[in-house]
Amino acid sequence: MVSVLTDPFHPQPLEQPPARSELWFHIALVLGVSLGSSAVYAVLNLAETMSRGSLSDAEATLNRVLSPVPAIDLLRQLASIGFALVPVALALYLMAGSLPRIKNVLRSVGVDGRHPLRDAVWGMCLFLVMGLGTLGLYQVGRALGLTAAINTSALNEHWWTVPVLILSAIRHSLVEEIIVVAFLCDRLRRIGWSWVTIALVTSVFRASYHLYQGFGPALGNVVMGLVFVWVYRRYGRLAPLLIAHALLDITGFLLPQLLAG
């Protein structure tokens with residue numbers, strides 16, 4: 001007879017639950033091909049920047065040009081976005097256990113379109129609160145010399161620049177919220193961690209791969225991580241977090257360009 005385990009947060013039954021060692025392997029595998037490696041490089045970049053001088057004199061550039069040839073640049077940008085979503089698919093697959101069950105996993109984490117209006121309202125509220133907080137921490141960090149100048153886009157002006165920046169923002173939202181919140185919360189809960197510990201660890205991890213921007217954005221991401229995990233735990237829906245994160249990045253990527261004319 002097959003043993004069945006029911007998780008208190010995700011009530012669907014799981015046949016033959018994976019062992020703790022296997023759950024840790026899942027975490028290492030997903031993070032090793034995604035945000036875990038980003039965190040390592042972010043720490044190394046921060047160390048290199050600080051060894052050269054003050055953080056206030058440094059610049060962190062997002063959305064760089066990948067080729068001087070516009071057509072090749074577009075294709076490389078799209079390829080980079082596409083390949084970045086592969087670890088997301090891997091995380092969902094490991095959570096589901098099989099391809100047909102991925103739909104059930106999306107439903108269990110609240111990415112299913114059942115409450116579009118409520119998700120949109122929560123997403124907008126989180127966007128406004130996190131956006132104002134992020135902007136404030138960035139300005140304070142710059143004033144204290146703890147944050148690099150952030151250039152959100154160095155892309156040249158083409159017909160495809162705005163769509164690519166929007167796709168890039170959506171990519172960041174999917175990668176971070178599905179892996180850091182949905183996947184890590186699921187794996188760590190099954191290992192036996194408390195929600196408080198999960199919130200603290202995932203928030204610090206979220207901050208770690210933003211350290212190349214300086215300490216201000218890192219602190220902002222700790223706060224963002226704590227709030228996002230609380231909302232996810234309280235309402236069991238990831239959709240508002242995806243909406244809020246996408247809006248934050250879309251605004252951050254496009255607004256400086258619009259203000260610059």
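Guide: Start with a cut-off: buried means under 20% relative accessible area, exposed means over 50%, and partly exposed lies in between. The model is predicted. Trp24 has a relative accessible area of 37%, so Trp24 is partly exposed.

Visitor: What makes Trp193 partly exposed?
Guide: Its relative accessibility is 25%. That value lies between 20% and 50%, so the label for Trp193 is partly exposed.

Visitor: Why is the pair of Trp24 and Trp193 called edge-to-face?
Guide: Ring centres must lie within 6.5 Å, and planes over 60 degrees apart count as edge-to-face. Trp24 and Trp193 sit 5.8 Å apart, centre to centre, with 65° between the planes. Both tests are passed, so the pair is edge-to-face.

Visitor: Where do the two partners of this pair lie in the chain?
Guide: Trp24 is in helix α1 (residues 20-32). Trp193 is in the loop between α7 and α8 (195-208). They are 169 residues apart, and the pair links distant parts of the chain.

Visitor: Why is the pair of Trp122 and Tyr235 called tilted?
Guide: Its ring centres are 4.8 Å apart, and its planes meet at 50°. Stacked needs under 30 degrees and edge-to-face needs over 60, so 50° leaves tilted. Trp122 lies in helix α6 (residues 116-144) and Tyr235 in helix α9 (residues 215-235), so the pair ties together parts 113 residues apart in sequence.

Visitor: Are Trp122 and Tyr235 buried or partly exposed?
Guide: Partly exposed: Trp122 has a relative accessible area of 27%, and Tyr235 stands at 37%.

Visitor: What makes Asp112 and Arg114 a salt bridge?
Guide: The limit is 4 Å from a side-chain nitrogen of Lys or Arg to a carboxyl oxygen of Asp or Glu. The closest N and O atoms of Asp112 and Arg114 are 2.3 Å apart, so the pair qualifies. Asp112 is partly exposed at 26%, and Arg114 is partly exposed at 40%. Asp112, Arg114, Asp119 and Arg237 are linked in a network of salt bridges.

Visitor: Why does the pair of Glu176 and Arg206 count as a salt bridge?
Guide: The N to O distance is 3.7 Å, which is within 4 Å, so the pair counts. Glu176 lies in helix α7 and Arg206 in helix α8, so the bridge ties together parts that are 30 residues apart in sequence. Both Glu176 and Arg206 are buried.

Visitor: How many salt bridges are there in total?
Guide: The count comes to 8. One of them joins Asp186 and Arg187, with the closest N and O atoms 2.6 Å apart. Both Asp186 and Arg187 are buried.

Visitor: How do you know that Ala148 is buried?
Guide: Its relative accessible area is 1%, under the 20% limit, so Ala148 is buried. Ala148 sits in the loop between α6 and β4 (149-151). Beyond four places in sequence, Ala148 touches residues including Leu55, Tyr138, Arg142 and Gly214. Ala148 and Asp57 are 91 residues apart in sequence, yet 6.7 Å apart in space, C-alpha to C-alpha.

Visitor: What makes Ser208 buried?
Guide: Its 16% relative accessibility is under 20%, so Ser208 is buried. Ser208 belongs to helix α8. Leaving aside neighbours within four places in sequence, Ser208 contacts Ala39, Ala42 and Val43.

Visitor: Which residues have the most contacts inside the largest nonpolar core?
Guide: Ile179, Phe183, Phe205, Tyr232, Leu238 and Leu241, in a core of 44 residues. Helix α7 (residues 161-191) gives the largest share, 11 residues. Apart from this core lies another, of 9 residues, among them Leu62 and Leu254.

Methods
Residues are numbered from 1 along each chain as its sequence is written. This is a predicted model: local features need pLDDT of at least 70, side-chain atom pairs count only at pLDDT 80 or more; totals for chains, interfaces and linings use all residues. Side-chain values use heavy atoms; hydrogens and water are left out. A nonpolar core is a set of buried Ala, Val, Leu, Ile, Met, Phe, Trp, Tyr and Cys residues joined through side-chain atoms within 4.5 Å. Buried means under 20% relative accessible area, exposed over 50%, partly exposed in between (1.4 Å probe, protein chains only). Helices (H or I, at least four residues) and strands (E, at least two) are DSSP runs, numbered from the N terminus. Rings of Phe, Tyr and Trp (its six-membered ring) pair if their centres lie within 6.5 Å; planes under 30 degrees apart count as stacked, over 60 as edge-to-face and the rest as tilted. Contact means heavy atoms within 4.5 Å.
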